[in-house]
Amino acid sequence: MASAQLSCARKSRAALAASYQGGEPALLEAILPLVDYIEITPDTIAELTHDGSHPKPDTVAELEDIGPDARLIAHGVGLSIGSHDGYSECYLHLLDQLFSQFDISWHSEHLAYTTVDGESLGTMLALPRTNEMLDLVSERVLRVQQRYGVPFLLENVVHILPDYDGEYSDAAFLNQLAANTGCGLILDVYNLECDAFNYGFDIAGFLSELNFENVREIHLAGGVRHRGFQLDVHSRATADSTLQLANLVLAQAPNVRAVTYEFLREAIPYLGQSAICTELTRIGHGLRS
Amino acid sequence: MTDLTQLQRGLLNLMKGRPIEAHADYYLQRVAVSNELLLAKEIALWWRAFGLETYCIFTSRLLNRLGIFDQAVETFFCECSTSPFIEKLSQDFLAWMSMHKDPLVASVARFERALIKVKRGDSGIYRLDWSCNPESLLNAILQGTGFPPAEIHQIYRTTISSRIPGLVSCERVERTKASESSSRVGRAPSNTVSCMDSRHVKD
């Protein structure tokens, strides 16, 4: 009984967040009463001009209008923190602009790389869990943290390609990275499910090894299957199994500040505004019940 | 070169459909023949195609109509260093398609590239000559209807500039006069629609 109450108390501390990429003011208006945080992706709300990338003015105006209704968190895709030749300064310049314009509670990135020698891979690849990579990423995390002075979180990504034999397990790599830098973690539980479906990733073993103290945010999403693979496309409502896994994590992770439902802008016409609101209500109810 | 550098360059080559070293390590060889690599490439191409279809409407629809869009995107992705920014990606793609062997494809790509540049604040003036009515042609591309015929005695000269209301103007010019005022780089009139000349007039 005491344990159940503790679990409920922990759950009640986690706020609800939703991704929003601009250009859908009616959707934003509809979801604002349901969430505590709006997650923006700097790369997605930016446009490239002759002097670099900048947040689109229309989207900036939309975000300014949010006012006190919700707080902002930034979740990037373009930092490419694990590229051997350096991370993206272009992304950081974009982030600089957002931090100068908005009060961003924390920001985050994927523990991955998207470019090699400046050339885009076209997708996001998981990092090899080696000492070389751990040292490289740790040093970069420290620099990013120093630059912005707000919490910086890193997210587990799906393993699209066959796993590279490294010196660490997935959980041990995350634990050590957080220990080296003090960074927080986003645990994307849908990504864990994708990995479990696609190549038999041992979620229970991973969770038993993970230091839950470092988990500050949980990501939820739903996707589709294609060619026998579960894809990380954020185009569907969250499956019951994903929500159950989130609750399992939430019950053990004392420092989670938000649970974020992510959906692609491209999926909005398919999902529909009403279904997105229903989904947020369902997730919020699950968190607070 | 570190193991990490070799690993990431090897995976980039695989993603781009380029050969890897014959003595590449076991991991890269394993990835090279995996279904997961096919999926990763498919995802990468899907995103590129989606962005280009959204941003380069005329050219992508024309390529789709000709049944060569997917192949064009794949070849572009594999041969060129692509940007994650759609603004740069689309300009690079259109510049690349502007050199296509089919003059119709090349013409539409040149037109769309100039139009997007001007829309985004470019101060240049771009001129393209067409052997058929370009408005009818572009409408046909959007609506999937038949292309207008090439005209023998006159050409259509489009000018694309931010100084023009609506950004594009078009005038009909007698072919003989047009020849005097322009050094043609396109083909002679034929039954196919082609852009006869495209020039960046001045900044």
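## A hairpin in chain A

Two strands count as paired if DSSP finds at least two bridges between them. In this predicted model, β3(A) and strand β4 (residues 52–55) of chain A meet that condition, since they pair in the antiparallel sense over four bridges. The two strands β3(A) and β4(A) form a hairpin, with two residues between them. Within this pairing, E47(A) stands opposite H54(A) in β4(A).

## Chain A as a whole

Taken along the principal axes, the C-alpha atoms of chain A fill a box of roughly 60 × 50 × 40 Å.

Of the 289 residues in chain A, 44% are buried. When the contacts in chain A with a separation of 6 or more are considered, 75% of them are accounted for by residues 24 or more positions apart.

## Helix α7 of chain A and C194(A)

Helix α7 of chain A covers residues 189–199, and C194(A) has its place there. The buried residues in α7(A) are V189(A), Y190(A), N191(A), L192(A), E193(A), C194(A) and D195(A). What do the buried residues of α7(A) pack against? Their partners in chain A are the strands β10 (184–188), β11 (215–220) and β13 (229–230), together with the helices α8 (203–209) and α9 (240–252). Just after α7(A), G200(A) takes a positive phi of about 75 degrees.

C194(A) counts as buried because 24 other C-beta atoms lie within 10 Å, where 20 or more are needed. If residues up to four places away in sequence are not counted, C194(A) touches V158(A), Q230(A) and D232(A). The C-alpha atoms of C194(A) and F229(A) are separated by 7.8 Å, although these residues are 35 residues apart along the chain.

## Where the chains meet

The contact between the two chains takes 26 residues from chain A and 31 residues from chain B. On the side of chain A that touches chain B, at least two residues each are supplied by β3 (46–49), β7 (112–116), β8 (119–126) and α5 (131–148) of chain A, and the largest share, six residues, comes from β8(A). By class, this side of chain A has twelve nonpolar, eight polar and six charged residues.

## Helix α5 of chain B

In helix α5 (residues 69–79) of chain B, A72(B), V73(B) and F77(B) are buried. These residues cover an arc of only 130 degrees around the axis, which means that they lie on the same side of α5(B). On the other side of α5(B), Q71(B) and E79(B) are exposed. The buried residues of α5(B) pack against α3 (35–55), α4 and α6 (86–97) of chain B, and also against β8 of chain A.

## Confidence of the prediction

For the complex, the predictor gives an ipTM of 0.91 and a pTM of 0.88. Chain B averages a pLDDT of 86, and 86% of the residues score at least 70.

Which elements of chain B have the lowest and the highest mean pLDDT? The lowest, 48, belongs to strand β4 (residues 195–202) of chain B, and the highest, 97, to helix α4 (residues 57–66) of chain B. Over residues 182–197 of chain B, pLDDT stays under 50, and for these residues the model has 44 contacts beyond four places in sequence.

Notes: Residues numbered from 1 in each chain as written. Chains lettered and ligands numbered in written order. Predicted model: local features only at pLDDT ≥ 70, side-chain atom pairs only at ≥ 80, totals over all residues. Contact = placed C-beta atoms within 7 Å. Nonpolar A, V, L, I, M, F, W, Y, C, P; charged D, E, K, R; others polar. Buried ≥ 20, exposed ≤ 12 C-beta atoms within 10 Å, placed from the backbone. pLDDT = per-residue confidence, 0-100. Arc of directions from axis to C-beta.
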